[in-house]
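This report looks at ring contacts and sulfur links in one protein. Have the sequence and the model open side by side.

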Amino acid sequence: QLQASGGGLVQPGGSLRLSCAASGNIFRVAVMGWYRQAPGKQRELVAAMPSGGSTNYADSVKGRFTISRDNAKNTVYLQMNSLEPEDTAVYYCNARTQVTNAWGQGTQVTVSS
C-alpha cells in the first residue's frame with residue numbers, strides 16, 4: 001500500500017528528501033503523515049498533511065522539515081533540511097482515513113559526521 005524511499009546517511013546540517021507512494025484510492029482522502037522511531041524511543045509524529053487543510057509539525061522539526069503532496073503522483077514527500085544527529089531514526093510513512101491506518105516499511109535516516 002505504501003512504499004517509502006529516500007533515507008540514508010547524511011552529515012549534520014545536510015538535507016534529505018523522503019518519498020512515499022500510496023495507492024490512489026487511499027491517497028485522495030487520507031491524512032498522510034511521517035513518523036519516526038529512534039532506538040529505545042516511542043514512535044512519534046513528525047509531520048502530517050490532510051488532503052485539504054493545514055499541515056502539522058512536531059516542534060522539534062518546525063522550520064527545518066517540510067511535508068508536501070503531489071496528488072498527480074499519489075506521493076507525499078518530507079523535505080528535511082538542517083539535519084541534526086537527533087533526527088536519526090527510522091522514518092515511517094502513514095496513511096490514515098476513517099477506516100484505514102496503513103504504514104510503510106520504514107526508511108533509515110542517519111545523521112552523523
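## A charge over a ring

Over the ring of which residue does the charged end of Arg-69 sit? That ring belongs to Phe-27. The distance from the ring centre is 4.3 Å. Keep in mind that this is a predicted model.

Trp-103 also has an arginine over its face. Here the residue is Arg-43, at 4.6 Å from the ring centre.

## The aromatic pairs

How many aromatic pairs does a search of the whole structure find? The count is two. One of them joins Tyr-35 and Trp-103. Their centres are 5.0 Å apart, with 65° between the planes. That geometry is edge-to-face. The partners come from distant parts of the chain, 68 residues apart. Tyr-35 belongs to strand S4 (residues 31–37). Trp-103 belongs to strand S10 (residues 101–103).

Tyr-92 lies in strand S9 (residues 89–96) and Trp-103 in strand S10, so the contact ties together parts 11 residues apart in sequence.

Tyr-35, Tyr-92 and Trp-103 make up one aromatic cluster. Is Tyr-92 buried or exposed? Tyr-92 counts as buried, because its relative accessibility is 15% and the cut-off for buried is under 20%.

Trp-103 has a relative accessible area of 35%. That value falls between 20% and 50%, so Trp-103 is partly exposed.

## The disulfide

The structure has one disulfide. Which cysteines form it? They are Cys-20 and Cys-93, with sulfur atoms 2.1 Å apart. The angle about the S-S bond is -85°, and the link is left-handed.

This link also connects distant parts of the chain. Cys-20 is in strand S3 (residues 16–22) and Cys-93 is in strand S9. They are 73 residues apart. Cys-20 is buried, at a relative accessible area of 0%. Cys-93 is buried too, with a value of 0%.

How values were computed
Residues numbered from 1 in each chain as written. Predicted model: local features only at pLDDT ≥ 70, side-chain atom pairs only at ≥ 80, totals over all residues. Heavy atoms only, no water. Phe/Tyr/Trp six-rings, centres within 6.5 Å; stacked < 30°, edge-to-face > 60°. Helix = DSSP H or I, 4+ residues; strand = E, 2+ residues; numbered from the N terminus. Buried < 20%, exposed > 50% of the residue type's maximum accessible area, 1.4 Å probe, protein only. Lys NZ or Arg CZ within 6 Å of the ring centre and 35° of its normal. Disulfide = S-S within 2.5 Å.
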